[in-house]
Structures are given as C-alpha cells and as structure tokens.
Amino acid sequence: MENISRSEQKRRYRQVEELARELSELSDRDIKKLPEGVDLILEEVRTIRGLKTGAKKRQIKHLSKQLHLVELSGIYEFLRTRKGSQLQEQKKFHLAERLRDDLINEAMDDHDKCRAGELVWEPSWKSAAIDQAISAHPGLSEIELRKLIHQYVRTRNMVYYRELFRLIKTSLEQEERQQKMGS
C-alpha cells in the first residue's frame with residue numbers, strides 16, 4: 001500500500017477541488033455534453049451556479065468530495081477538449097514529480113544505509129519504488145531509471161534530477177497517447 005503524506009493528500013484534494021471549480025463554471029450546453037455516469041455531479045454543478053461567494057465555496061468543496069467517488073479521466077479529457085483546461089496536464093506533471101521524488105528518496109535512504117555499513121552502493125540495489133513505478137507504468141525503462149537515480153544520488157547533480165523527471169513525464173505522455181489510440 002502506498003504511504004501518502006498529508007501534504008500530498010492536500011495537493012491531490014486541491015486538484016480535485018480545482019476540477020470542481022471548473023465544472024461549476026460550465027454553461028448548460030457544456031453540462032449536457034459531459035461524459036456518461038456523472039448524473040449526481042450535474043445536479044451539484046447546477047446548484048453551485050446560483051450561490052454567492054461563501055456558499056459557493058462550500059458547495060465546490062462538497063462537489064469535490066463527490067468527485068472522489070467517480071472516475072475522473074473522462075471529465076478531465078472533456079474539460080481539456082472543450083475548454084482548453086490544463087488540469088489534466090497539471091495532474092500528469094504532479095504525478096511525474098511524485099514518482100521522481102519517491103524513487104530518489106528511496107535510493108537516498110538505501111545509499112545512506114550502505115554508507116553507514118561501509119558498503120559500496122551499487123546501481124542494482126533492491127528497490128520497491130522502482131518495481132511499483134514500472135508495474136504501474138510499463139513504459140518506464142528500469143535500466144534508465146536506475147542509471148539516472150544512481151548518478152543523481154552519487155553526485156547530487158541536478159542535471160540527473162531533471163533528466164529523471166523528463167524520462168518519467170515522457171513515459172506518462174506516451175502511455176496516455178497509447179490509451180487514446182486504444183479507445
């Protein structure tokens with residue numbers, strides 16, 4: 001099971017809250033074109049429109065709680081195509097950041113343990129984070145991940161840190177393109 005920090009939980013919640021805010025600003029014509037299976041959300045969106053500032057904020061928070069119960073990929077895609085929304089891109093960006101940081105943090109912990117035991121830290125260290133990342137995103141190359149992580153942890157050179165992020169983000173984008181082509 002994935003351990004999620006409170007800050008990460010708050011970031012994820014804010015992303016869904018931003019989605020709820022964008023949904024509340026849709027016109028009636030756009031609301032009718034929302035993907036199937038979001039009937040409960042449609043009523044909430046209509047309710048939000050006539051409210052003033054404080055009540056509107058509360059209803060948006062309520063809507064975001066309901067959005068946690070629904071598959072959001074169709075809604076993100078709808079907002080991207082209809083309104084030019086950047087929420088889906090931001091979500092992908094944050095996922096890439098989180099993956100990179102999880103991989104680096106685990107590697108740094110393992111590196112520190114090896115140093116404490118006066119052992120040489122090898123690029124082939126045992127990594128649950130790499131295994132999880134690859135199983136969730138099969139397009140990632142384990143060899144490239146290990147190489148970049150190892151180079152960053154050894155040198156703390158930010159070039160490897162940024163390159164690791166680019167590798168992960170590119171893989172996520174390719175995965176998204178393949179999903180679109182498959183459906």
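The legends below describe close-up views of a predicted model.

Local features are taken where pLDDT is at least 70 and side-chain atom pairs where it is 80 or more, while totals for chains, interfaces and linings use all residues. Residues are numbered from 1 along each chain as its sequence is written, and side-chain values use heavy atoms, with hydrogens and water left out.

**View 1. The aromatic pair F93 and F165.** The structure holds 3 aromatic pairs. Rings of Phe, Tyr and Trp (its six-membered ring) pair if their centres lie within 6.5 Å; planes under 30 degrees apart are called stacked, over 60 edge-to-face, and the rest tilted. F93 and F165 are edge-to-face, at 5.1 Å centre to centre and with 70 degrees between the planes. F93 belongs to helix α6 (residues 87–116) and F165 to helix α9 (residues 158–182), so this pair ties together parts that are 72 residues apart in sequence. Helices are DSSP runs (H or I, at least four residues), numbered from the N terminus. F165 is buried, at 13% relative accessibility, whereas F93 is partly exposed, at 34%. Here buried means under 20% relative accessible area, exposed over 50%, and partly exposed in between (1.4 Å probe, protein chains only).

**View 2. W121, W125 and the charged end of R146.** W121 and W125 form a tilted aromatic pair, with 4.7 Å from centre to centre and 35 degrees between the planes. W121 is buried, with a relative accessibility of 8%, and W125 is buried too, with 5%. The charged end of R146 sits over the ring of W125, 4.9 Å from the ring centre. For a charge to count as over a ring, NZ of Lys or CZ of Arg must be within 6 Å of the ring centre and within 35 degrees of the ring normal.

**View 3. The largest pocket.** The volume of this pocket is about 720 Å³. A pocket is an open set of points on a 1 Å grid over the protein atoms alone, where a 1.4 Å probe fits, with protein on both sides within 12 Å along at least five of seven lines; lining residues have an atom within 4 Å of a point. Grid points are joined across faces, edges and corners, and the volume is the space filled by probe spheres set on the points. The lining has 21 residues, and S73, Y76, Q88, K91 and L95 lie nearest the pocket centre. Two or more lining residues come from each of α1 (6–24), α5 (73–83), α6 and α9. Helix α6 gives the most, with 6 residues.

**View 4. The largest nonpolar core.** A nonpolar core is a set of buried Ala, Val, Leu, Ile, Met, Phe, Trp, Tyr and Cys residues joined through side-chain atoms within 4.5 Å. The largest one has 24 residues, and those with the most contacts inside it are L103, I104, L145, I149, V153, L164 and I168. Helices α6, α7 (128–136), α8 (142–155) and α9 each give two or more residues to this core. Helix α6 gives the most, with 7 residues.

**View 5. Loop residues E118 and R156.** E118, in the loop between α6 and α7, has a positive phi of about 55 degrees although it is not a glycine. E118 is exposed, at 74% relative accessibility. R156 is in the loop between α8 and α9. R156 is not a glycine either, and its phi is positive, at about 60 degrees. R156 is partly exposed, with a relative accessible area of 35%.

View 6. H137 lies in the loop between α7 and α8 and is buried, at 10% relative accessible area. T47 lies in helix α3 (residues 39–49) and is partly exposed, at 40%.
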